[in-house]
Amino acid sequence: HILREGGSTTKVFTGYAAVKLLDPESDKVICTSYAQNMPYMGTPDVRIGQVLTVAQAATKDFPGSSNITTANIAIAIGKKSQGNLSDKDAYFKGMEIINNFLKESGCEKTKLVSSSGVNYNYIKNKWGEFDSNGISKGEYGITASDLAMITIDAMNDPYFASGIKGRNNNGLFFIKSGTQQFKHGIWGFNYNGKRYYISILGFNHNKEGDKRGTVSKDIYNWTIKNVINK
């Protein structure tokens with residue numbers, strides 16, 4: 001139940017909130033210039049003005065790194081609540097609503113500092129407060145237990161975890177080889193006739209460097225040997 005620095009697993013929280021707080025098929029997520037120009041969003045992977053259904057946006061490119069899309073989701077949620085907000089204010093409002101939704105859904109401690117896992121507080125314009133081991137020194141962070149709970153709920157949601165027309169398969173829940181698939185800390189896989197999901201937090205980029213794929217795969221193999229096959 002320790003609050004830790006989040007990462008791309010944050011997208012599970014944001015995506016799941018989107019399909020529950022908005023109509024997955026009729027509501028739209030519009031890609032804004034505000035989200036495109038937010039700091040630390042990475043290389044643009046959507047076009048300004050591009051329109052996605054909520055179902056498409058919530059599962060876009062998982063397990064990829066669509067930081068910009070998650071920001072646009074928060075904006076859509078904020079504007080659904082209060083339509084006359086600017087994109088910036090709608091983002092902040094959307095994050096407030098998402099965090100309230102997560103609390104009401106049973107998350108005991110998790111509070112997202114951003115929609116994507118970028119640990120930057122866009123309201124205060126400063127990085128989130130975490131120690132050298134990635135443990136929160138403030139109110140923001142994610143617990144592994146909350147992540148596991150929301151993952152279970154998300155994988156049972158027909159829009160988030162099942163194939164629907166007009167979006168990519170949700171690779172977040174399928175084990176694949178390669179760093180990109182392992183690094184995000186959630187894996188779904190079939191083993192001995194059963195379906196398993198592993199959710200992990202606590203990887204420290206400063207100590208391990210860009211070894212997320214190797215470290216995550218080691219944890220996956222350890223879990224099979226010491227937990228599932230014990």
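Author: What follows is a run of questions about labels, with the values behind them. One thing to keep in mind is that this is a predicted model.

Reader: Fine. What makes Asp157 and Lys20 a salt bridge?

Author: The cut-off is a Lys or Arg side-chain nitrogen within 4 Å of an Asp or Glu carboxyl oxygen. For Asp157 and Lys20 the N to O distance is 3.0 Å, so the pair qualifies. A search of the whole structure turns up six salt bridges.

Reader: What does the Asp157 and Lys20 pair tie together?

Author: Asp157 sits in the loop between helix H6 (144-155) and helix H7 (179-182), while Lys20 is in helix H1 (residues 10-21), so the bridge ties together parts 137 residues apart in sequence.

Reader: And why is Asp157 called buried, or Lys20 partly exposed?

Author: Buried means under 20% relative accessible area, and partly exposed runs from there up to the exposed class, which is over 50%. Asp157 has 5%, so it counts as buried. Lys20 has 42%, so it lands in the partly exposed class.

Reader: How do you know that Lys80 and Asp27 form a salt bridge?

Author: Same test: their N to O distance is 3.1 Å, and the limit is 4 Å, so they pass. Lys80 belongs to helix H4 (residues 67-81) and Asp27 to the loop between H1 and strand E1 (28-30), 53 residues apart. Lys80 has a relative accessible area of 51%, and exposed means over 50%, so Lys80 is exposed. Asp27, at 15%, is under 20% and therefore buried.

Reader: Why does the pair Lys93 and Glu96 count as a salt bridge?

Author: Their closest N and O atoms are 3.9 Å apart, which is within 4 Å, so the label holds. Lys93 and Glu96 are three residues apart in helix H5 (residues 87-104), so about one helical turn separates them. As a rule, an α-helix has 3.6 residues a turn, so residues three or four places apart point the same way. Lys93 is partly exposed at 24% relative accessibility, and Glu96 is partly exposed too, at 42%.

Reader: How do you know that the length of H5 agrees with its residue count?

Author: At 1.5 Å a residue, the 18 residues of H5 should span 26 Å, and the end C-alpha atoms are 25 Å apart, so the two agree. Just after H5, Gly106 takes a positive phi of about 115°.

Reader: Which residues of H5 are buried, and what covers them?

Author: Among the buried residues of H5 are Ala90, Tyr91, Phe92, Met95, Ile98 and Leu102. The cover includes H1, helix H2 (33-36), H4 and H6.

Reader: What describes the packing of H1 and H4?

Author: Their axes are 10 Å apart, at an angle of about 35°, and H1 passes H4 in a left-handed crossing. Lys11, Thr14, Ala18 and Leu21 in H1 meet Asn67, Thr70, Ile73 and Ile77 in H4.

Reader: How about the chain as a whole? What are the totals?

Author: It has nine helices and six strands. Buried residues make up 48% of the 230 residues. Of the contacts with a separation of 6 or more, 65% are between residues 24 or more positions apart. The accessible surface of the chain is about 11300 Å², with 47% of that belonging to carbon and sulfur atoms.

Notes. Residues are numbered from 1 along each chain as its sequence is written. This is a predicted model: local features need pLDDT of at least 70, side-chain atom pairs count only at pLDDT 80 or more; totals for chains, interfaces and linings use all residues. Side-chain values use heavy atoms; hydrogens and water are left out. Helices (H or I, at least four residues) and strands (E, at least two) are DSSP runs, numbered from the N terminus. Buried means under 20% relative accessible area, exposed over 50%, partly exposed in between (1.4 Å probe, protein chains only). Contact means heavy atoms within 4.5 Å. Accessible areas come from the Shrake-Rupley method with a 1.4 Å probe; for residues, only the protein chains shown count as cover. The expected span of a helix is 1.5 Å times one less than its number of residues. Axes are lines fitted to C-alpha atoms, for helices over the stretch in contact, and angles run from 0 to 180 degrees between N-to-C directions. A crossing is left-handed if the near helix is turned anticlockwise from the far one by less than a right angle, and right-handed if clockwise.
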